[in-house]
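My entries follow in the order in which I looked things up.

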Amino acid sequence: MSSLVKCPHCGLRPREEFTIRGEVAAPRPDAGADEAVWFDHVYLRDNPRGENREYWHHSGGCRRWLVLSRNTLTHETSDVVDASTLKAEGRA
């Protein structure tokens with residue numbers, strides 16, 4: 001059984017139509033930040049257990065960028081919104 005993702009533009013779609021593009025990262029450090037801070041920002045990632053916000057691309061559908069919550073234990077997805085909506089609201 002394939003899992004479904006609720007795209008805000010296309011409705012329920014098979015997960016195979018989407019490409020996971022990574023976690024919604026913390027804001028970039030200041031340009032003059034220490035090298036260790038930049039190394040951490042660019043190369044080190046958390047491996048959270050539970051709810052995690054991620055960027056997904058609906059590459060097999062409307063080709064929109066989405067932000068959704070995915071439970072890393074169950075792989076259930078929720079709170080799917082268009083990434084441009086969050087950017088306009090200053091939340092991404």
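I began with isoleucine 20, whose bridge partner in S4 is tryptophan 56. S3 and S4 run antiparallel and are joined by four bridges; I count two strands as paired if DSSP finds at least two bridges between them. Strands (E, at least two residues) and helices (H or I, at least four) are DSSP runs, numbered from the N terminus.

The model is predicted, and I therefore kept to pLDDT of at least 70 for local features and to 80 or more for side-chain atom pairs, while totals for chains, interfaces and linings use all residues. Residues are numbered from 1 along each chain as its sequence is written, and side-chain values use heavy atoms, with hydrogens and water left out.

I then followed S4 to its other partner, strand S5 (residues 65–71), with which S4 pairs in the antiparallel sense over seven bridges. Glutamate 54 has leucine 68 as its bridge partner in S5, and glutamate 51 stands opposite asparagine 71 in S5.

Next I noted the whole sheet, which is open, has four strands in the order S3-S4-S5-S6 and pairs them antiparallel. S3 and strand S6 (77–82) stand at the edges with a single partner strand each, so one side of each is left without a neighbour in the sheet. Neighbouring strands of this sheet are turned by 30° against each other on average, direction ignored; the axes are lines fitted to C-alpha atoms, and angles between N-to-C directions run from 0 to 180 degrees.

I also checked S1 and S2, which pair in the antiparallel sense over four bridges and are joined by a hairpin through three residues. Cysteine 7 stands opposite glycine 11 in S2. Buried means under 20% relative accessible area, exposed over 50% and partly exposed in between, with a 1.4 Å probe and protein chains only.

How many aromatic pairs does the structure hold? I found two. Phenylalanine 18 and tryptophan 56 form a tilted pair, at 6.0 Å centre to centre and 55° between the planes. Phenylalanine 18 counts as buried because its relative accessibility is 9%, and tryptophan 56 is buried at 0%. The rings of phenylalanine 39 and tyrosine 43 have their centres 5.1 Å apart and their planes at 45°, so this pair is tilted too. My criterion was that rings of Phe, Tyr and Trp (its six-membered ring) pair if their centres lie within 6.5 Å, with planes under 30 degrees apart counted as stacked, over 60 as edge-to-face and the rest as tilted. Phenylalanine 39 and tyrosine 43 are separated by about one helical turn because they lie four residues apart in helix H1 (residues 35–43). Phenylalanine 39 counts as partly exposed at 45% relative accessibility, whereas tyrosine 43 counts as exposed at 58%.
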